[in-house]
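Subject: A structure for you to explore

Hi there,

Here is the structure I promised to pass on to you. Have a look at it first, and then read my notes below with the model open beside you.

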Amino acid sequence: MTVRIDPPGDKSISHRLLLLGGLAAGTSRFRRLLDAEDVRMTAAAMRQMGASIPEDWTGEVTIDGPVRWRAPPAPIECGNSGTTARLLLGTLAGLGLPAVLQGDPSLTRRPMDRVVYPLQAMGAKIRYLECHGRLPVELEERRSGSLRSLKLRPRVASAQVKSCLMLAALTAGVGLDVLEPGRSRDHTERLLHAMGAPIGFREGPVADPWIHVEAGGVAGELAPLDMTVPGDFSSAAFLLAAGWLGTGPVELRGVGLNPTRTGLLDVARSMGARYEVETSGSEAEEPVGQVAAWPTRLKSFDVDAGLLPGLIDEVPVLAVLAARAEGVSRLRGAGELRVKESDRLSILAANLRQLGVTCREQDDGLDIEGTDQPLRGTVRTAGDHRITMAFGVLGSVPGCDVSVDDPDSVAVSYPDFWRDLSRLSGTEAS
Ligand code: S3P
C-alpha cells in the first residue's frame, strides 16, 4: 500500500523567509515554516538583531517588518548552519551592523572566503578572528552609503554565495551582477521577485545563469509574503530513494518542485526508476506538487559537474542508490561535497566500504559498484544529517541491517525523519 507523507517545509526557503520577512514593509505570514535546528539558528540570530519571531511555529508564523535592526549584543551562534552564517553575513554587511559570527566545529571547518572576499570588495570590513578563511568572523560597523556595487563571476555555483550578495546589495541599496558557472537553487531570486524587488534573472537551470540587482535601496519597500512553504525536495529525496529501493511505495505531497532542486529525478530516470510527478500549483513563484515512487531494479548512473548544482544535497542518497544499482555508478565534478557539513565524499566512501560495497574515492567524485548482497553494519556519520539519513534509508531496505552512530543529527533539517521512514517500512510504533 502506498504511504502518503507530507515532507517538512523547505529548509532553504525557510531561512530566506525569516530574513526577507524582516526586511519587508508589513506583516508576513508563513505556514509550514521548517521547525528544525538550522532554521532556528537564523530565527535566534534575527531576534538578537531586533526581530520579533515567535518561539512556537505550529500553524502560522507572522513577522512584522521592517525590523528596527540593531547590532546583536552578543556573538551570533550559527550552529551547524552554513546558510545562516553566509546569508546573515551579507545582511549584516548591507545593514552596516557590527557583529561576530561563530559556528559549531563542523561549520568552523567550512570555507567563508567565498562570501568574505566579495563582501570586502563591496567595501565591508570583515576579519577572521582565529583562522584565515574560517569562522569566527568579526564585521565592523559601517557608515550608511559606504558599500559599492559589485560584478562577480564566482568560481563555484553556490546559492549561499549569491544570496549573501543579493541581501547585501539590497539592504545597502547598491547594484549587483553575478554570473554563476552553473545554476544553483534560485529561491532568493524567486522570492525577491515575488516581493517586488528590482531583480532580474532567468528561471531554472539555464546556460550562463546571471542575476542582476538594480541599485537604489528598496529593502523598506518589499511587499510582505503570505505563503505555505513547499515541502523540502531534499528531505523528500530520502523517502523517494527508500521507495525505489523497496522499503515501500510512497507518495510525497506538497513538495517543492523548483527545477533547480530536482536534478535527482533526472538521474533517477536514467537509472530506470519508476516515479510520477505532478505539479499542482505554486507558492510565491515556487512550483509545488506530488511525487510518487515505486520499487524498481535500478541501473548505475553517470553524473558530472553540469548536473551537480541541481542535486548538490542529494549526493549522499545517490551514493546509497548506487550501492544497490546494477553496474558501476560514476560521480565526478563533485569537489564541493568535501566542504559540506562533513567531507561527504570521504565519509560516503568509508561507510560504503565498511558495509562491504566496492567504492573508489576520486579527488572530485566516487565510483560505486552496486551489489544485491545484504548490507550489514554500523556507520559513522560525523554528525552530518544527510549522511545519517542516507544510511538510514539503506538500513530500511529489505534484507539490509545498517545502523548509524548519531541518529539524532537529523534534527538539523528533518526532525521527524525516523518516524516517516518507519511509516514507509511498516515498522512504525503504534
Ligand atoms: C543552500 C545552498 C547549498 C546547499 C545547502 C543550502 C542554500 O549550498 O548545499 O544545503 O540554502 O542556499 P551551497 O550554496 O554552498 O552550494
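Predicted model: local features only at pLDDT ≥ 70, side-chain atom pairs only at ≥ 80, totals over all residues.

Let's begin in a loop: Pro 66 sits between strand 3 (60-65) and strand 4 (76-77).

Pro 136 belongs to the loop that joins strand 6 (126-128) and strand 7 (137-139).

While you are checking backbone angles, stop at Arg 32 too. Its phi is near 60 degrees, which is a positive value in a residue other than glycine. You will find Arg 32 in the loop between strand 2 (26-31) and helix 2 (37-48).

Now for the ligand. Which residues surround the ligand? They are Ser 12, Arg 16, Thr 83, Ser 158, Ala 159, Gln 160, Arg 185, Ile 312, Asp 313 and Lys 340. Sorted by class, this shell has four charged, four polar and two nonpolar residues.

Asp 313 has a polar side-chain atom 2.6 Å from an oxygen atom of the ligand. For Ser 158, a polar side-chain atom is 2.7 Å from a ligand oxygen. Lys 340 also places a polar side-chain atom 2.7 Å from an oxygen atom of the ligand.

How much of the ligand's accessible area does the protein cover? On its own the ligand has 380 Å² of accessible area, and the protein covers 96% of that. The space that the ligand takes up is the largest cavity. Helix 1 (11-23) and helix 6 (159-172) are the elements that give two or more residues to the shell around the ligand.

Why does the ligand lie between domain 1 (3-215) and domain 2 (233-425)? Both domains give residues to the shell around the ligand, so the ligand lies between them.

Enjoy exploring, and write back with any questions!

Best wishes

Methods. Residues numbered from 1 in each chain as written. Heavy atoms only, no water. Near = heavy atom within 4 Å. Polar contact = N/O pair within 3.5 Å; in protein donor to acceptor, adjacent residues only side chain to side chain. Areas by Shrake-Rupley, 256 points an atom, 1.4 Å probe, with all protein chains shown as cover. 1 Å grid on protein atoms, 1.4 Å probe; cavity = no way out; pocket = protein on both sides within 12 Å on 5 of 7 lines; lining within 4 Å. Sits in = over half its atoms within 2 Å of the grid points. Helix = DSSP H or I, 4+ residues; strand = E, 2+ residues; numbered from the N terminus. Nonpolar A, V, L, I, M, F, W, Y, C, P; charged D, E, K, R; others polar. Domains from an automatic or database assignment.
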